[in-house]
Amino acid sequence: MADFPHSLREFQKRFPDEAACAAYLAAKRWPDGFHCPQCGGVKAWLLPSRNVHTFLCTQCRKETSVTAGTIMHRSHLPLTVWFWAAFLMATHSNGMSALQLQSELGLGSYKTAWLLAMKLRLAMVAPGRSPLNGLVEADETEIRFRTKDDPPAGGQGRSHDGKLLIAGAAEIRAGKRGRPVLGRARLCVIADYRASTLHAFLKSNVISGATAKTDGFASYTGVPHVNHDPHVIGPMAAHIVLPGIHRLFSNLKNWGLGVYHGLRRKHLQAYLDEYVFRFNRRKYRHAAFATLLGIAACHEPAPYYILKAVGLGG
Ligand SMILES: [Zn+2]
């Protein structure tokens with residue numbers, strides 16, 4: 001059987017209850033069979049009278065929940081709800097807002113739906129993901145942010161008030177008949193357009209020896225580890241020289257407006273991570289569900305206070 005359901009019908013058949021979800025997580029967590037985190041024992045009983053996803057080591061008697069050490073740890077939500085949420089967020093072409101999740105899954109409160117979505121977003125950045133390579137278009141853009149009270153005033157002139165700065169990079173690959181197509185992408189919130197900021201962005205997202213194609217903005221010059229391919233142009237023509245990254249920026253802005261009615265400053269990086277996660281898996285969305293749960297099953301727990309500490313809470 002494939003590692004993931006290919007349709008909603010298949011999803012429903014495969015994950016009808018807690019036991020089915022727990023078995024899937026156990027297989028993800030221990031692909032070579034159960035492994036006791038305390039003594040290394042390989043035999044365990046599933047405790048029938050307790051939660052369906054608690055294992056008892058036959059050697060040292062330690063109880064291990066299949067969700068221990070994952071973002072689902074100590075969650076009061078049923079596993080079926082986590083699975084539904086992961087499936088919806090991974091497979092819908094535009095993703096799901098917390099409000100949509102709340103209504104689709106019949107969750108009691110918006111806060112519950114919001115935390116669920118935010119914890120899944122944390123699992124969307126794979127630890128040790130590989131940097132972009134080959135030919136990479138790099139550029140930066142501004143996006144208006146939404147506040148709780150009212151839309152930001154002004155927006156005139158060069159001030160960054162009410163705008164968030166984003167650095168982006170996207171691989172350009174040769175498609176059919178040599179036509180350029182977009183590969184993987186990365187997006188990052190940045191504080192300013194200084195050389196040190198943009199260099200740091202490229203350093204952590206583009207592999208050494210790749211070629212960075214830019215609009216010739218001075219801050220990109222002298223990046224130590226990549227070949228720089230500057231195309232000095234007037235401001236009107238940026239989308240012609242860098243069509244790939246500009247299409248990505250424009251789709252990102254439409255998505256932010258369409259799904260979230262404007263993105264909020266506090267959580268912007270998490271939304272960018274969500275966008276990139278789905279974009280990079282756009283050709284195999286149903287596999288992304290397994291990836292999301294697979295990553296989620298190995299991710300550190302993210303209780304509310306940790307979300308707070310990294311600026312994602314509330
Ligand atoms: Zn043990």
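**Helix packing and strand pairing in a predicted chain**

Let's start with a crossing: helix α4 passes helix α5 in a right-handed crossing. The contact comes from A98, L99, L101 and Q102 on α4, and from Y110, A113, W114, L116 and A117 on α5. Contact here means C-beta atoms, placed from the backbone, within 7 Å. Those contact residues split into eight nonpolar, one polar and no charged. For the classes, Ala, Val, Leu, Ile, Met, Phe, Trp, Tyr, Cys and Pro are nonpolar, Asp, Glu, Lys and Arg are charged, and the others, Gly among them, are polar.

A word on the model. It is predicted: local features need pLDDT of at least 70, side-chain atom pairs count only at pLDDT 80 or more, and totals for chains, interfaces and linings use all residues. Numbering runs from 1 along each chain as its sequence is written.

Now the geometry. Two packed helices are described by the angle between their axes and the distance between the axes. α4 covers residues 98-105 and α5 covers residues 110-122; they pack at about 115 degrees, axes 8 Å apart. So α4 is roughly perpendicular to α5. The cut-offs: under 35 degrees is roughly parallel, over 145 roughly antiparallel, 65 to 115 roughly perpendicular, the rest oblique. Axes are lines fitted to C-alpha atoms, for helices over the stretch in contact, and angles run from 0 to 180 degrees between N-to-C directions.

What else packs on α5? Helix α3, residues 79-91, at an angle of about 65 degrees, with the axes 11 Å apart. The crossing of α3 and α5 is right-handed. A85, A86 and M89 of α3 meet L116, A117 and L120 of α5. This contact divides into six nonpolar residues, no polar and no charged.

Zoom out. The chain has 11 helices and eight strands. Helices (H or I, at least four residues) and strands (E, at least two) are DSSP runs, numbered from the N terminus. Of its 314 residues, 33% count as buried. Buried means 20 or more other C-beta atoms within 10 Å of the residue's own; 12 or fewer is exposed, in between is partly exposed, with C-beta atoms placed from the backbone. Take contacts between residues at least 6 apart in sequence: 58% of them join residues at least 24 apart.

Next, strands. An open sheet of three strands runs β1-β2-β3, with antiparallel pairing. The edges are β1 (44-46) and β3 (63-65), each pairing on one side only. Twist averages 30 degrees from one strand to the next. Pairing needs at least two DSSP bridges between two strands. β2, residues 54-57, joins β3 over three bridges. F55 stands opposite T64 in β3.

Then β4, residues 135-144. Antiparallel to β5, residues 163-174, β4 is joined to that strand by 10 bridges. I143 stands opposite L164 in β5. Three bridges join β4 to β7, residues 211-214, and that pair is parallel. E137 has K213 in β7 as its bridge partner.

Last, one residue. Where is A170? In strand β5. Is A170 buried or exposed? Buried, because 28 other C-beta atoms lie within 10 Å. A170 and V136 are 34 residues apart in sequence, yet 5.3 Å apart in space, C-alpha to C-alpha. Leaving out residues up to four places away in sequence, A170 touches V136, E137, L182, G183, A185, G244, I245 and L248.

Technical notes
A crossing is left-handed if the near helix is turned anticlockwise from the far one by less than a right angle, and right-handed if clockwise. Two residues are in contact if their C-beta atoms, placed from the backbone, lie within 7 Å.
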